[in-house]
Amino acid sequence: MAPKNEPAVQPIRLVIADVDGTLVTQDKVLTKRAIEAVMRLHEAGVQFTVTSGRPPRGMAMLIDPLRLTLPLAAFNGGVLIQPDLKTVVDQKFLPPGVPETVIEAIENHGLDVWLYTDIDWFVRDPNAPHVAREQWTVKFPPTVVKTFAGLLGRVAKIVGVSDDLDRVAQCEKDVQQAGGSHISAARSQPYYLDVTHPQANKGEVVLSLSRLLNIPAAQIATIGDMPNDVLMFKQSGVSIAMGNASPEVRAAATYVTSSNQEEGFANAIEKFVLNVRSAQA
């Protein structure tokens, strides 16, 4: 673990963590040490919440173990929702007419299409690649439909899925061109192309929670592992990259911790948030 810069001058009052690749292990396990680290944040008066590309229900298993009370940022900020998973604080759906354009562009590349509303996940083929894995990850099954007609008014995220990674990469470029300024389109995994509202990104999550909680962004710490986490790194006072992150993501962070297979989240909280906070007290 190596710091890139000196510790921040301002004490950390809020930590925002990515989930997959960060808070949980590769097997999607929330470890005892990770739970203990969050409990220590609570005890120190530091608030904590999570942001993820997952749908709201896909983060339900974190709420009780981590005693989450702040809004959760699902779909990378597309839906900001209270831990009751019913009370929506903010939501950013794709604009009218855009889902149809995006779905057509994805299908032109032969990718499978998944559709997420604020609360539900829809697929047309339950046996398509990665559906079973996603169901295991988010802990709820998709709703299988023959067509997406009638579901396009409250679309939080569209995902194009294929194990032809070159095809996914090309699809990303074409969908970006087709959607223009009306969308944000980026690969969250080599086999997933995520399409959301242009303001549904993790940088906006930091700014939204800063306003909502009246905490300056300079007093917020963020931790993550993927390129889409760099957006929240840029907006927060302290940023921590996981050891399993790419060199580019690690270079964008204030600090680098160990990997998510080596208790990187817990190590980061203990060394770069709680210890720094104690030194500043």
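Trainee: Why is Asp229 called buried?

Mentor: In this predicted model, Asp229 has a relative accessibility of 0%. Buried means under 20%, so Asp229 counts as buried.

Trainee: Where is Asp229 placed, and what does Asp229 touch?

Mentor: Asp229 lies in the loop between β13 (220-224) and α8 (230-235). Leaving aside residues up to four places away in sequence, Asp229 touches Asp18, Lys202 and Gly224.

Trainee: What makes the pairing of Asp229 and Lys202 a polar contact?

Mentor: The side chains of Asp229 and Lys202 are joined at 2.6 Å. The cut-off for a pair of N or O atoms is 3.5 Å, and the contact of 2.6 Å is therefore a polar contact.

Trainee: Which residues of α7 are buried, and what covers them?

Mentor: The buried residues in α7 are Lys202, Gly203, Val205, Val206, Ser208, Leu209 and Ser210. Their cover includes the strands β2 (14-18), β3 (47-51), β4 (72-74), β5 (79-81) and β13, together with α8.

Trainee: What caps the N-terminal end of α7?

Mentor: Asn201 is the cap, with a side-chain oxygen 3.0 Å from the backbone nitrogen of Gly203.

Trainee: Why is Glu263 called partly exposed?

Mentor: The relative accessible area of Glu263 is 23%. Partly exposed is the range between the 20% limit for buried and the 50% limit for exposed, so Glu263 is partly exposed. Glu263 is found in the loop between β15 (255-256) and α10, and its phi is near 55°, a positive value in a residue other than glycine.

Trainee: Which residues touch the most other members of the largest nonpolar core?

Mentor: In that core of 51 residues, they are Val15, Phe48, Val50, Leu62, Trp114 and Phe265. Helix α10 (residues 264-280) gives the largest share of this core, seven residues. A second, separate core has 22 residues, among them Val102, Val113, Val175 and Leu193.

Trainee: What does Trp114 touch?

Mentor: Beyond residues up to four places away in sequence, the contacts of Trp114 include Trp121, Phe122, Pro129, His130, Glu134, Lys157 and Tyr192.

Trainee: How many helices and strands does the protein have, and what makes the protein as compact as a globular protein of its length?

Mentor: The protein has 10 helices and 15 strands. Its radius of gyration is 18 Å, close to the 19 Å that the globule rule gives for 281 residues, so the protein is as compact as a globular protein of that length. Along its principal axes, the C-alpha trace spans about 60 × 35 × 35 Å.

Trainee: What share of the residues is buried, and what share of the accessible surface belongs to carbon and sulfur atoms?

Mentor: Buried residues make up 54% of the 281 residues. The accessible surface comes to about 12100 Å², and 49% of that surface belongs to carbon and sulfur atoms.

Note on methods
Residues are numbered from 1 along each chain as its sequence is written. This is a predicted model: local features need pLDDT of at least 70, side-chain atom pairs count only at pLDDT 80 or more; totals for chains, interfaces and linings use all residues. Side-chain values use heavy atoms; hydrogens and water are left out. A nonpolar core is a set of buried Ala, Val, Leu, Ile, Met, Phe, Trp, Tyr and Cys residues joined through side-chain atoms within 4.5 Å. Buried means under 20% relative accessible area, exposed over 50%, partly exposed in between (1.4 Å probe, protein chains only). Helices (H or I, at least four residues) and strands (E, at least two) are DSSP runs, numbered from the N terminus. Contact means heavy atoms within 4.5 Å. A polar contact is a pair of N or O atoms within 3.5 Å; within protein, one must be able to donate a hydrogen and the other to accept it, and residues adjacent in sequence count only if both atoms are side-chain atoms. The radius of gyration is taken over C-alpha atoms; the globule rule is 2.2 Å times the number of residues to the power 0.38. Accessible areas come from the Shrake-Rupley method with a 1.4 Å probe; for residues, only the protein chains shown count as cover.
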